[in-house]
Amino acid sequence: MLNSTNEFLPQAFGPVKMDNTRKLISYLSDFADLIMPREEASMGYLKQCHVNPQKIKLFSDFTSLVKGQVPGKYAHLRGGVCIIPNLRMIDKGIISLEDYLTMLQKVIYTSQKAGKHIYLLNHEGAGDEKLAYMCRGKLKNQVEVVTGLNGLEVKGLISTAYLCVTSRFHGAASALNSCVPCLATSWSHKYEELFKDYGQRDCVLDITSIDKTLSKIDEFLQSDVNRRIREHLVAQLPYIQEQSRNMWNLVWHI
């Protein structure tokens, strides 16, 4: 049976540089009952396309209410540094494959020097899995690759990390709403906007400067900084979760 209403749950929109894209987004005014951009930038893109503003309601990523499941077989990774690669960093032209692998390698070395156990997590897809194993190869197979988990297990494992360094958006979302300190590389405005939702600044790594990247990793590995960020996220999470409840209430009402 078809649903009588159509909603776009919180997601990123834009940028809308091509005429065809603008036209397609403008159709949302005709066919959607409710459109939920995840952040101000996406809301701005919708307004540029003349989407009916009465149908637009801003809500943050709604996965904060989802509880992960910690896979028992990976209990030995608890308290480690979780590295999540993303093929989009390369195919979007943000960084070359070689430079990306070199950056991940140096991030891993920096974390190891701090005495932390490191693992590479395939968040989704065969492409990311291959990327993780390529990175592992550069490290002479000395870092574990975790792959083949379902969505709840992925979030559960991330929730046990000391630090998450991710190139996947939902890797960042899972870390933040599990109150795990997180740093990210980015190919879209949505990463920085997500960190803003949690009151976090300067958490998107500057991949043009390896020195700045490693300095930021060092900072987040320090126990006092790590603890302070966790405490901040714990205080912020109830507000984020309340937003998600309000979103679902609105959906059910419609």
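The charged end of Lys-116 sits over the ring of Tyr-162, 3.7 Å from its centre (for this, NZ of Lys or CZ of Arg must be within 6 Å of the ring centre and within 35 degrees of the ring normal). Welcome to a short tour of a predicted model, in which local features need pLDDT of at least 70, side-chain atom pairs count only at pLDDT 80 or more, and totals for chains, interfaces and linings use all residues. Residues are numbered from 1 along each chain as its sequence is written, and side-chain values use heavy atoms, with hydrogens and water left out.

**Helix α11**

- Helix α11 covers residues 223-253 (helices are DSSP runs of H or I with at least four residues, strands are runs of E with at least two, and both are numbered from the N terminus).
- The 31 residues of α11 should span 45 Å at 1.5 Å a residue, and the end C-alpha atoms agree by lying 45 Å apart (the expected span is 1.5 Å times one less than the number of residues).
- At Gln-236, shortly before the proline Pro-238, α11 has a kink of about 35 degrees (the bend is the angle between axes fitted to the seven residues ending there and the seven starting there).
- Buried residues of α11 include Val-225, Ile-229, Leu-233, Leu-237, Ile-240, Ser-244, Met-247 and Val-251 (buried means under 20% relative accessible area, exposed over 50%, and partly exposed in between, with a 1.4 Å probe and protein chains only).
- The buried residues of α11 pack against β1 (7-11), β2 (34-37), α8 (169-176), α9 (189-197) and α10 (210-221) (contact means heavy atoms within 4.5 Å).

**Aromatic pairs**

- There are four aromatic pairs in the structure (rings of Phe, Tyr and Trp, the last by its six-membered ring, pair if their centres lie within 6.5 Å; planes under 30 degrees apart count as stacked, over 60 as edge-to-face and the rest as tilted).
- Phe-8 and Phe-13 make an edge-to-face pair, because their ring centres are 6.4 Å apart and their planes meet at 65 degrees.
- Phe-8 is partly exposed at 28% relative accessible area, whereas Phe-13 is buried at 8%.
- Trp-248 and Trp-252 are stacked, with 5.3 Å from centre to centre and 20 degrees between the planes.
- These two tryptophans, Trp-248 and Trp-252, are four residues apart in α11, so about one helical turn separates them.
- Trp-248 is partly exposed at 24% relative accessibility, while Trp-252 is exposed at 63%.
- Phe-62 joins Trp-248 and Trp-252 in a cluster linked by ring pairs.

- Helix α3 (residues 40-48) has Ser-42, Met-43, Tyr-45 and Leu-46 buried.
- Those four residues are on the same side of α3, because they cover an arc of only 160 degrees around the axis (the arc is that of the directions from the helix axis to the C-beta atoms).
- Among the elements covering the buried residues of α3 are β1, α1 (19-26), α2 (28-31), β2 and α9.
- Thr-110 belongs to helix α5 (residues 97-113) and is buried, at 11% relative accessible area.
- Leaving aside residues up to four places away in sequence, Thr-110 touches Leu-214, Ile-217, Asp-218 and Leu-221.

**Positive phi values**

- Most residues other than glycine have a negative phi.
- Just after α3, His-50 takes a positive phi of about 60 degrees.
- Lys-140 has a positive phi near 55 degrees; this residue lies in the loop between α6 (125-138) and β5 (144-146) and is exposed, at 68%.
- Asp-202 has a positive phi near 55 degrees; this residue is in the loop between α9 and α10 and is exposed, at 61%.
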